[in-house]
Amino acid sequence: MQKKVWVILLTALIFLSVSILGISAACRVEQVNLNTSLVTAEARTQAEKLQARLNEAYDKDSLFFADDEKAKDILKEFPYFHIVSFEKSYPNRLIINVVEGAEVYALEKQAGEEYYILGADGTVLDIRSTFVNELNGEENVVIKGLNVSAENGEIPTGDGYFSSVLNLCEEISSALGGIRRNVTMVEVFARGPEPIFVVTMREGVKLYIGAPDVLTKEKVQKALGAYMGLSNQEKTFGRIAVSDKNGEILCSYSANDEFIG
């Protein structure tokens, strides 16, 4: 009786194995659907190249055993994109959803020589020798004065002021409808006794924000209000200084930037 049970179990196991192998052989990848959420027109060319690489990598693979490891490896060649989801649609289709992480910032890794290229949320999209967006030739906002480390796809770590700088940039970007329109550089100018960040506007005038973690939104509004109130000529030189005292925000413009030299 016991021998009969073992024969039945073994037969069932063999049948199950053959069935799985049969399904695996029948369900081969014939189509990879790449769904992209693109921010820039320049990324379309990169998305087409990514589609071709994925088609080649998964062609005739068993859908049963296919996973996202190949896709992740290929995405390392396309740092502007990251995977949102990886799905199987039986019998022969993969559906991969990716989004573009548009470049916004270039964080100095080595002064004037190497930069972490960041998306709006601070994620590293690339590491390269120029702060210029290679897709469209536009200049990213340069961030200086931070000592951080990171790899592609990571948020930089190692400097407590990184999140403060990013928060200030987000407030400026929100107020201006995009930070790259008016800003060329953001720098940690001083760390103590009170931290000061300096924002260089495209025309040349600089915004000095004291204690940027305190009343950040209000200070940005004051600074940008003063900036917008300048004449075209005044915007090309001088400084706007913003600080707070007993909850009151102080803001002033000077044609002479006493912080320089």
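The side chains of Arg191 and Asp159 meet in a salt bridge, with N and O 2.6 Å apart. A salt bridge here is a side-chain nitrogen of Lys or Arg within 4 Å of a carboxyl oxygen of Asp or Glu. Arg191 sits in the loop between β8 (183-190) and β9 (196-201), and Asp159 in the loop between β7 (141-144) and α4 (162-176), so the pair ties together parts that are 32 residues apart in sequence. Helices (H or I, at least four residues) and strands (E, at least two) are DSSP runs, numbered from the N terminus.

This is a predicted model: local features need pLDDT of at least 70, side-chain atom pairs count only at pLDDT 80 or more, and totals for chains, interfaces and linings use all residues. Residues are numbered from 1 along each chain as its sequence is written, and side-chain values use heavy atoms, leaving out hydrogens and water.

Glu258 and Arg239 link distant parts of the chain, 19 residues apart. Glu258 is in the segment after β12 (248-254), and Arg239 is in strand β11 (residues 239-245). Salt bridges that share partners also join Glu103, Asp126 and Arg128 into one network.

Which of these side chains are buried, and which are exposed? Buried means under 20% relative accessible area, exposed means over 50%, and partly exposed is in between (1.4 Å probe, protein chains only). Arg239 is buried at 9%, and Asp159 is buried at 11%. Arg191 is partly exposed at 41%, as is Asp73 at 45%. Lys76 is exposed at 61%.

**The sheet**

Strands of a sheet pair through backbone hydrogen bonds, either parallel or antiparallel. Here, an open sheet of three strands has the order β1-β3-β2, with mixed pairing. Two strands pair if DSSP finds at least two bridges between them. The edge strands are β1 (31-37) and β2 (81-89), each pairing on one side only.

How many bridges join β2 to β3? Eight do, and β2 and β3 (residues 93-100) run antiparallel. In β3, Val98 is the bridge partner of Ile83. Helix α2 (residues 43-58) packs on the sheet and touches β1, β2 and β3. Contact means heavy atoms within 4.5 Å. The direction of α2 makes about 155° with that of β1. Axes are lines fitted to C-alpha atoms, for helices over the stretch in contact, and angles run from 0 to 180 degrees between N-to-C directions.
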